Structure formats: structure tokens, C-alpha cells
Amino acid sequence: MNHPVDRPSTGPETVRDRSTRLLAACPVVDVPVQDPGLWVAALAVDAIWFGTHTGAYPLDEKAWARICADTARLAGLTVPVRSALSPALHTASLRSPRRPVLDAVLQVAADEGTDRLTIKAVARAGSLSAAGLEAMFGGVQDLLDAAVDEVVLDGFDDLSPLRLGVSAGAVAANLAATEDPRKVTSTYQLMILDGIRPGSLRSGRPRVVTDLVLDDGVPPGLLHAVLALDAITWSRELAWLGYPDALPRAVHEALVRALGEGEP
């Protein structure tokens with residue numbers, strides 16, 4: 001069966017072609033990996049969060065629910081995932097109108113970036129007293145730290161499962177977070193406070209991923225490989241992610257196999 005992602009050998013570059021080219025450019029290292037599929041799932045989860053936050057993939061809640069459910073199966077999770085991700089929830093998460101200081105911090109960070117965050121900018125955005133903010137927080141870093149603490153407390157009782165590295169527990173915790181609007185809101189706000197502005201990531205393939213999701217004939221493995229490669233590409237813009245410089249060979253081979261799924 002031919003999918004829209006395939007083409008005759010003389011045609012233009014396809015999803016498989018470009019993804020294979022991106023994968024071929026990834027350095028590889030020989031280190032033991034117990035479950036390569038779990039690595040692919042973990043990378044796909046990161047792409048899900050980044051894609052919804054930055055608008056890289058213009059998909060609705062039904063499409064995101066399908067992606068999250070497929071990713072849970074890829075990770076070998078038996079608990080069904082009922083994602084609450086939606087464009088409306090993301091838009092609502094960009095502000096916190098009931099808390100003027102946090103709302104102003106989010107506004108400046110989302111519109112201008114955390115590198116432009118100053119006491120004066122926050123005061124201006126929220127019609128607040130700069131002197132009052134300085135008296136309360138001292139400096140801008142303390143203000144930012146306080147905003148992060150507030151957002152974490154809003155959404156999470158315990159962040160540790162999300163910080164387990166590449167593990168079934170971390171993938172399960174991240175996917176479970178997509179089911180809870182409170183956690184979704186906090187996650188998006190933490191991205192803003194970490195410096196990821198909505199629409200700020202230059203990479204990603206919106207039409208490609210959208211077409212893959214909307215085509216029921218496209219194998220899930222191919223979709224996850226494309227998501228994983230987008231996450232790897234984004235990691236070059238987001239150094240704090242701490243991705244390894246090279247992919248474990250077993251993960252590289254798993255992505256090669258996934259890119260070949262459904263090939264005629």
C-alpha cells in the first residue's frame with residue numbers, strides 16, 4: 001500500500017526521505033539500551049509537549065488523544081491514556097489572570113522571552129509597582145524562581161516521576177500529565193518560564209505530522225519516528241534538555257525500522 005509519504009524514485013523528497021536523511025546525520029554510540037522502543041516513545045512524548053506548546057503541529061484534541069494513546073502502546077503501557085491536550089487549553093494556560101504577578105511574568109516571558117524578563121518589564125505588563133516587586137522579591141531571578149515554584153505547586157504534587165530520564169515511569173508520568181488539565185496548564189507555563197516561547201521553535205514539520213496523523217493508513221511507528229526526530233532536532237535549540245550528543249545504536253536501528261514501516 002502506498003501512503004502519501006511515499007513517492008516514485010524520481011519524485012520530490014518525501015517524509016521518509018527527509019527523516020532518513022536527518023537520522024543518517026545523527027551521531028551513534030555503542031552503549032547498552034534495554035528497550036529502544038522506550039527511547040522512541042520518550043522522544044515522541046517530548047515532541048508532543050513541544051508541538052502542542054509551540055503550535056508546530058496544528059492538530060485538534062482528537063488527534064492529540066490518538067497520538068498519546070499510540071505512544072502509550074509503543075512504551076508498553078497497559079493503562080489507557082485519555083489526553084486533555086487541546087488548542088483552547090493551551091491558549092488559556094498562557095495567562096493567570098487571578099494572580100497579577102504570575103500573570104505579568106508569564107506575559108513578558110511568552111511575548112519577549114525570559115532573557116528580556118526584568119522587574120520593570122513585569123511591572124509594566126501587569127500595571128504593578130516596580131518598587132513593590134523589588135521589595136517583595138529582591139531581583140528578577142528570585143521573581144522567576146517564585147513564579148516557577150508557584151506553577152509547580154499548582155499542577156504537581158510530585159515532579160520526581162517526570163525526571164526519571166528515559167524510563168517507563170517517566171513516559172507514563174508524562175502521558176498521565178496530558179490527561180489532567182491542571183498538569184497540562186502547569187507544564188505549558190513551566191515551558192514558558194524555561195524560555196520556550198509559543199511559536200519559538202523554528203524546526204518541526206507541521207504539514208507532515210498533520211498529514212501523518214490524519215491518514216489512518218500510516219503506521220504508528222512511522223509517525224513516532226518523525227516525532228522523535230523532531231524532538232532530536234529541537235534539542236539543538238533547547239540545550240537544557242540534556243539530550244545525549246549521540247543516539248545509542250539500538251535506538252538508531254529502531255528508528256530505521258520504524259521509518260520503514262508500511263513501505264511498499
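**Chat about a predicted fold**

Reader: Ser86 first: buried or exposed?
Author: Ser86 counts as buried, because its relative accessibility is 14% and the cut-off for buried is under 20%. Keep in mind that this is a predicted model.

Reader: Where does Ser86 sit?
Author: Ser86 is in the loop between α3 and α4.

Reader: And what lies 3.1 Å from a polar atom of its side chain?
Author: That's the backbone nitrogen of Leu89.

Reader: What about Ser83, where is that one?
Author: Ser83 is also placed in the loop between α3 and α4. With a relative accessibility of 14%, Ser83 counts as buried.

Reader: Which backbone nitrogen does the Ser83 side chain reach?
Author: The one of Leu85, at 3.1 Å.

Reader: Which residues does Ser83 touch, leaving out those up to four places away in sequence?
Author: Trp64, Ala65, Cys68, Thr178 and Glu179.

Reader: Zooming out, how many helices and strands does the protein chain have?
Author: The chain has 13 helices and two strands. It runs to 264 residues, and buried ones make up 48% of them.

Reader: What share of the contacts comes from residues 24 or more positions apart?
Author: 74%, taken over contacts in the chain with a separation of 6 or more.

Reader: OK, the core. Which residues of the largest nonpolar core touch the most other members?
Author: Trp49, Tyr57, Leu85, Val171 and Leu255, out of 54 residues in that core. At least two core residues come from each of α1 (15-24), α2 (36-54), α3, α9 (168-177), α10 (181-193), α12 (220-235) and α13 (249-259). The helix that gives the most is α2, with 12 residues.

Reader: And what's in the second, separate core?
Author: That one has 22 residues, including Leu106, Phe137, Leu143 and Leu190.

Reader: Back to α13: which of its residues are buried?
Author: Val251, His252, Ala254, Leu255, Ala258 and Leu259 are the buried residues of α13. They sit on the same side of the helix, because they cover an arc of only 160 degrees around its axis.

Reader: What do those buried residues of α13 pack against?
Author: They pack against α1, α2 and α12, and also against the strands β1 (28-29) and β2 (247-248).

Reader: Speaking of α12, at roughly what angle do the axes of α3 and α12 cross?
Author: At roughly 95 degrees, and the two axes come within 11 Å. Angles of 65 to 115 degrees count as roughly perpendicular, so α3 is roughly perpendicular to α12.

Reader: Which residues make that contact?
Author: On α3, Ile67, Asp70, Thr71 and Leu74; on α12, Pro220, Leu223, His224 and Leu227.

Reader: Last one: what is phi of Ser127 near?
Author: Phi of Ser127 is near 50 degrees, which is a positive value in a residue other than glycine.

Reader: Where is Ser127?
Author: In the loop between α6 (119-126) and α7 (130-137). At 69% relative accessibility, Ser127 counts as exposed.

Key. Residues are numbered from 1 along each chain as its sequence is written. This is a predicted model: local features need pLDDT of at least 70, side-chain atom pairs count only at pLDDT 80 or more; totals for chains, interfaces and linings use all residues. Side-chain values use heavy atoms; hydrogens and water are left out. Helices (H or I, at least four residues) and strands (E, at least two) are DSSP runs, numbered from the N terminus. Buried means under 20% relative accessible area, exposed over 50%, partly exposed in between (1.4 Å probe, protein chains only). A polar contact is a pair of N or O atoms within 3.5 Å; within protein, one must be able to donate a hydrogen and the other to accept it, and residues adjacent in sequence count only if both atoms are side-chain atoms. A nonpolar core is a set of buried Ala, Val, Leu, Ile, Met, Phe, Trp, Tyr and Cys residues joined through side-chain atoms within 4.5 Å. The arc is that of the directions from the helix axis to the C-beta atoms. Contact means heavy atoms within 4.5 Å. Axes are lines fitted to C-alpha atoms, for helices over the stretch in contact, and angles run from 0 to 180 degrees between N-to-C directions. Angles under 35 degrees count as roughly parallel, over 145 as roughly antiparallel, 65 to 115 as roughly perpendicular and the rest as oblique.
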